[in-house]
Amino acid sequence: MCSHYNLKAKTKDIENKFNARYETPEDDELEIIANGYTHLRMPVICNDTPHQIKRYHWGLIPTWTKDTTQARELANMCLNAKIETIEEKPSFRESAQHKRCIIPATSFYEWKWLDSKGKNKEKYEIKLQNNQIFAFAGLWSNWTNKNTGDTIYTFTIVTTQANELMAEIHNTKKRMPVILTSEETSLWLNHTTEFEHFTEIAQKKELTAISLEPQNNLLF
DNA sequence: CCAGACGTTGTT
DNA sequence: GTCTGG
DNA sequence: CCAGACGTTGTT
DNA sequence: GTCTGG
C-alpha cells in the first residue's frame, strides 16, 4: 500500500510542470515526506479547478460520513483506492464519477518483505527514472461536519497492479500507485479515458528503486 | 430485518 | 447514502 | 504493526 | 500460543 510519499521540489517547478498556481503562498522549496496516517494537507490539483494547486488532507472522507469519529476511521481506511473497484465501492464511487484529482510527488516508499513474518524488510524509495516530478492519480471528496458546519477536503491515491519492478519490491500484494506524467494528468482529470488504460499507462513507467540504509528512518 | 460497514494490504 | 452480514 | 480474537449459524 | 483485522 502506498502510505508514504515525498514531494521535494521548488514551488515554481511544480506550478510550471502542471500549469497551475498555488492558491495560497508557499515556501520557495517544498520537502514534505507525507505519512498517510497523519493526514497532512498536501498539494493537489482537482478536476473542477485544474489550474489551481490546493492543499487537501490525505485520507478520503466520503460525503455521507456521520461524525468525526467515523471520519477519522474512514480517513485511515481510505488512503488508497483500487482502480479496479472505485466505481462500485460506497466510499469512492461518487468521487470516481465527479471528483478526480492528481497529487504531485517526487518519490514514494515501499518495503520489500524478506520473510513471511515481515521481521526483515528492505526499504526502497521509488522515483521516475529521469527523476522528474510526477503525479499520482487520485480522487477527492468534501465532507461537511453537521455539528460544526465545517467542510473538510480530502483525497485518496489510486492504485493498480504492480509492474515488474514494483512486484519485486511490493512482493506480498503486488500493487503500486497509478503514476502519471504531467502530459498524462489531463487524461485522468478530464474523465475521457477508460480505467483499464491507466493500468497500462502505469505498467509502462520507467521507475528507479533506491534501497535505503536501515538506519535511515525518514522521520517515520 | 437492521445494525454496522463502507478500505487497502501486511504502517512505507 | 447504500450495501450486507449475521 | 499489534490489539483482540480464538466459533458457528444465519435474525423469528 | 497464534492468527488476523484494522
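Reader: Which residue in E11 is the bridge partner of Lys 82?

Author: The model under discussion is a predicted one. Strand E6 (residues 80–82) runs parallel to E11, and three bridges join the two strands. Within E11, the residue bridged to Lys 82 is Thr 159.

Reader: How many bridges join E10 to E11, and in which sense do the strands run?

Author: E10 and E11 form a hairpin with six residues between them. In the turn, Gly 149 has a positive phi of about 80°. One of the facing pairs is Trp 140 and Phe 155, the latter in E11. The strands run antiparallel, and the number of bridges joining them is seven.

Reader: Which residue in E11 does His 57 stand opposite?

Author: Strand E5 (residues 49–58) is joined to strand E11 (residues 151–161) by two bridges, and the two run parallel. In this pairing, the E11 residue opposite His 57 is Thr 154.

Reader: Which residue in E12 is the bridge partner of Gln 161?

Author: Strand E12 (residues 175–177) pairs with E11 in the antiparallel sense, over three bridges. The partner of Gln 161 in E12 is Arg 175.

Reader: In the open sheet of five strands, what is the strand order, and which are the edge strands?

Author: The pairing in this open sheet is antiparallel, and the order of its five strands is E3-E1-E8-E9-E14. Each edge strand pairs on one side only, and these strands are E3 (29–35) and E14 (207–211).

Reader: What angle does the direction of helix H1 make with that of E1?

Author: Strand E1 (residues 4–10) pairs with E8 in the antiparallel sense over two bridges, and Tyr 5 stands opposite Phe 108 in E8. Helix H1 (residues 11–18) packs on the sheet and touches both E1 and E3. Relative to the direction of E1, that of H1 makes an angle of about 100°.

Reader: Is Thr 106 buried or exposed, and which backbone nitrogen does its side chain reach?

Author: Thr 106 lies in the loop between strand E7 (100–105) and strand E8 (107–113). Its relative accessibility is 9%, so Thr 106 counts as buried. Among the residues that Thr 106 touches are Leu 7, Lys 8, Ile 126 and Phe 134. At 3.0 Å, its side chain reaches the backbone nitrogen of Lys 8.

Reader: How many disulfides does a search of the whole structure find?

Author: Cysteine sulfur atoms count as a disulfide when they are within 2.5 Å. The total for the whole structure is zero. Cys 2 is in no disulfide, and the nearest cysteine sulfur, that of Cys 101, is 13 Å away. For Cys 46, likewise in no disulfide, the nearest cysteine sulfur is 5.1 Å away and belongs to Cys 101.

Reader: What is the relative accessibility of Cys 46?

Author: The cut-off for a buried residue is under 20%. Cys 2 is buried, with a relative accessible area of 2%. Cys 46 also counts as buried, and its relative accessibility is 0%.

Reader: How far apart in space are Ala 34 and Gln 70, C-alpha to C-alpha?

Author: Ala 34 lies in strand E3 and is buried, at 0% relative accessibility. The residues that Ala 34 touches include Tyr 5, Met 42 and Trp 58. Ala 34 and Gln 70 are 36 residues apart in sequence, and their C-alpha distance is 22 Å.

Reader: Where is Asn 131 found, and what is its phi?

Author: Asn 131 is in the loop between strand E9 (121–128) and strand E10 (134–144). With a relative accessible area of 46%, Asn 131 is partly exposed. Its phi, a positive value in a residue other than glycine, is near 60°.

Definitions and conventions:
Residues numbered from 1 in each chain as written. Chains lettered and ligands numbered in written order. Predicted model: local features only at pLDDT ≥ 70, side-chain atom pairs only at ≥ 80, totals over all residues. Heavy atoms only, no water. Helix = DSSP H or I, 4+ residues; strand = E, 2+ residues; numbered from the N terminus. Buried < 20%, exposed > 50% of the residue type's maximum accessible area, 1.4 Å probe, protein only. Polar contact = N/O pair within 3.5 Å; in protein donor to acceptor, adjacent residues only side chain to side chain. Contact = heavy atoms within 4.5 Å. Pairing = 2+ DSSP bridges. Axes fitted to C-alpha atoms, helices over the stretch in contact; angles between N-to-C directions. Lists of a residue's contacts leave out its neighbours within four places in sequence.
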